[in-house]
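The entries follow in the order I took them.

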Amino acid sequence: LHATSVKNMALLDIQELLVSGVDSRVQRLPSGLDLHYLVCDRVKTPTIILIHGNISSSVFWQRTMLELSQHARIVAPDLPNYGFSGRRPVIASRGLSDYSDDLAAFHQALGLQPCHWLGWSMGGGILMKLVMEHQEVVIGLGLSASLPPYGLGTVGPDGRLRHSDGAGSGAGSGAGIANQALVSALARGDTGHDPASPRTVMRKVCVADPVVWTSQDEDRYVQGMLRTALGPDYYPGDSSASDNWPGYAPGGRGIVNAMSGLYFNARGLLDLKSKPPILWIQGGKDQLISDRSILDASYLGQLGVLPGWPGAGECPLEPMIEQWKEFLNAYEGLGGAVSRLWLANCGHSPHLEEPEAVHAALRKWLS
């Protein structure tokens, strides 16, 4: 969708998705891209900016925004290619830096002082790049069910690539994060209950217990998912053939490839002289960010979903939680401050599944 048509869509129907107390606005960036965002600004300081994940949008943050609105100004943008924001191709080889540049420009356009940022899932990966490349806009880094620090498709606690071409990560699998049945359901605007529909995927994958929201909120979330731009330049992206199992490697376009460890790596956070405090939030029943993740080609191979897995000797599983623990320990050892919130019975959506615990942690963090 062209940016202008998206803006018109926002004027027509974003109001139907809003919760009372949340406002909708559009900010044009210097690049000419229109960024739609939600805001609660009864309190002017401090500011926290909430960044959503993949196949998602700002509407997933509204309950959190209302809960925190007495303590801070809350801003939640739709990332480019999501929600009601403009569309532009994703250069995968930049490893999410497209988005960190957009957010730095958004922050400047709003005239904000350095602030707290909280990223969910892919949003956490974007914010890690924001800190490395635009540290001047960040005073606190929140990571909720975040992309691992070395991207997807790596092995070992230090995040090594399985193969030099990134084989096993990216948009080529037709399973996991790039499930073609889900892509087709998004393309046809499926709001129903079929096995691959956005609603069913959200219930089965994004939360440990689907009874955590009202039916009205669920409808909002489905609408937010359906506003994901699709195709080789967007979600999921293109792919390359590989001589290594499972026969594909990341291409150069699209968001799923941008999250591959071939292109994304946040090890540079450890080298910063001035390290913002990190709040790390993670669910123990998360199916996506896990030591047995359904995003991991090797785990899908072990399950028989991807055929021909050569075994753990050649293609070990990606230990995402172990990677996070090692990374955060190293961050602390190098002078950074880390607060951890482990939610044993929570899935991939802590702010939706365990709102009281998450909101309490965020209030403490902001203070």
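The model is predicted.

**Entry: α3 against α4**

I looked up how helix α3 sits against helix α4 (residues 122-133). Their axes come within 8 Å and cross at roughly 65°. I count 65 to 115 degrees as roughly perpendicular. The two helices are therefore roughly perpendicular to each other. I noted the crossing of α3 past α4 as right-handed.

Next I listed the residues that meet. From α3 I have Ser97, Tyr99, Ser100, Asp101, Leu103 and Ala104. From α4 I have Ile126, Leu127, Lys129, Leu130 and Glu133. Sorted by class, this contact holds six nonpolar, two polar and three charged residues.

**Entry: aspartate 102**

I stayed in α3, which spans residues 97-109 and holds aspartate 102. Is aspartate 102 buried or exposed? Its relative accessible area is 11%. Buried means under 20%, so I logged aspartate 102 as buried. I then left aside its neighbours within four places in sequence. The contacts of aspartate 102 are then Leu29, Leu33, Pro80 and Arg88.

**Entry: α6**

I moved on to helix α6, residues 198-206. How many of its nine residues are buried? I found seven, and the helix is mostly covered. The buried set is Pro198, Arg199, Thr200, Val201, Met202, Val205 and Cys206. I checked what these buried residues pack against: α5 (180-187), α7 (215-226) and α11 (350-353).

Notes: Residues numbered from 1 in each chain as written. Predicted model: local features only at pLDDT ≥ 70, side-chain atom pairs only at ≥ 80, totals over all residues. Heavy atoms only, no water. Buried < 20%, exposed > 50% of the residue type's maximum accessible area, 1.4 Å probe, protein only. Helix = DSSP H or I, 4+ residues; strand = E, 2+ residues; numbered from the N terminus. Contact = heavy atoms within 4.5 Å. Axes fitted to C-alpha atoms, helices over the stretch in contact; angles between N-to-C directions. Parallel < 35°, antiparallel > 145°, perpendicular 65-115°, else oblique. Left-handed = near helix turned anticlockwise from the far one by under 90°. Nonpolar A, V, L, I, M, F, W, Y, C, P; charged D, E, K, R; others polar.
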